[in-house]
Amino acid sequence: MKRKFGSLLLGICLVAAVFSVVPAEAHAAVGWTKVSGYWYYYNASGVKLTGWQTLPSRNGTDLFYLDPATSPSGQMVMGWQKIPRGVGKWYYFDPVDEQGGVLKGWQKLRWSGGTSWFFLDPATSPSGQMVVGWQKIPRGTGDWYYLNPGPNNDAGNMLTG
């Protein structure tokens with residue numbers, strides 16, 4: 001009988017002649033791991049995380065969305081994303097150098113009509129939600145701005161003129 005030792009994917013490991021059970025979803029990596037071109041995050045137990053997560057980043061910590069609807073689940077999303085997928089609110093996840101953290105505040109971003117200013121509200125829960133319509137920014141104390149409430153392809157960009 002051929003034996004494999006040291007593989008967490010087997011479910012049972014032989015370490016120093018002691019058997020231990022490892023969760024089936026456990027993975028040998030801990031932290032950020034790129035697999036087949038997608039980023040995933042594994043906690044200290046080797047379990048892949050999904051959903052909204054505040055995790056380590058190049059900037060200290062950032063808010064990420066690890067999509068449970070992808071196959072395999074838990075892929076870090078980047079760029080414009082409607083969460084929950086297709087029916088929720090718009091967020092923008094930093095695609096520069098595959099950082100992936102949700103952006104907040106005023107951001108000059110690309111969209112289908114070119115580039116424009118968007119306000120990704122840090123006061124929403126989860127933070128960074130794109131706001132539309134008349135908005136007093138910062139909330140309740142600042143200046144008034146009109147952010148296009150139009151259909152998906154042009155919603156949120158600041159209108160001027």
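What follows is a set of questions and answers on confidence, salt bridges, aromatic pairs and one serine.

Modeller: This is a predicted model, where local features need pLDDT of at least 70, side-chain atom pairs count only at pLDDT 80 or more, and totals for chains, interfaces and linings use all residues. Residues are numbered from 1 along each chain as its sequence is written, and side-chain values use heavy atoms, with hydrogens and water left out.

Biologist: Which strand has the lowest mean pLDDT?

Modeller: pLDDT is the predictor's confidence in each residue, from 0 to 100, and the chain averages 81, with 80% of the residues scoring at least 70. Strands are DSSP runs of E, at least two residues long, and are numbered from the N terminus. Among the elements of the chain, the highest mean, 96, belongs to strand β7 (residues 75-76), and the lowest, 37, to strand β1 (residues 12-15).

Biologist: Over residues 1-22, how many contacts does the model have beyond near neighbours in sequence?

Modeller: Contact means heavy atoms within 4.5 Å. Where pLDDT is low, the predicted coordinates should not be read in detail. Over residues 1-22 the pLDDT is below 50, and the contacts of this stretch beyond near neighbours in sequence number 19.

Biologist: With which residue does Glu98 form a salt bridge?

Modeller: A salt bridge is a side-chain nitrogen of Lys or Arg within 4 Å of a carboxyl oxygen of Asp or Glu, and the whole structure has 3 of them. For Glu98, the closest N and O atoms are 2.9 Å apart in its bridge with Lys34. Glu98 lies in the loop between β9 (89-93) and β10 (105-111) and the partner in strand β3 (residues 31-35), so the pair ties together parts 64 residues apart in sequence. The partner of Glu98 is Lys34.

Biologist: What is the N to O distance between Arg85 and Asp67?

Modeller: Asp67 is buried, with a relative accessible area of 5%. The side chains of Arg85 and Asp67 meet in a salt bridge, and the N to O distance is 2.1 Å.

Biologist: Why is the pair of Trp52 and Tyr65 called tilted?

Modeller: Rings of Phe, Tyr and Trp (its six-membered ring) pair if their centres lie within 6.5 Å; planes under 30 degrees apart count as stacked, over 60 as edge-to-face and the rest as tilted. By this rule there are 12 aromatic pairs. The centres of Trp52 and Tyr65 are 5.1 Å apart, and the pair is tilted because the planes are at 55 degrees.

Biologist: Which residues do ring pairs link into a cluster with Trp52?

Modeller: Tyr91 and Phe93 form a tilted pair, with centres 6.3 Å apart and planes at 40 degrees. Both Tyr91 and Phe93 are buried. Ring pairs link Trp52 into a cluster with Tyr65, Tyr91 and Phe93.

Biologist: In which strand does Ser116 lie?

Modeller: Ser116 is buried, with a relative accessible area of 11%. Ser116 touches residues including Trp111, Asn157 and Met158, not counting those up to four places away in sequence. Ser116 lies within residues 114-121, which form strand β11.

Notes
Helix = DSSP H or I, 4+ residues; strand = E, 2+ residues; numbered from the N terminus. Buried < 20%, exposed > 50% of the residue type's maximum accessible area, 1.4 Å probe, protein only.
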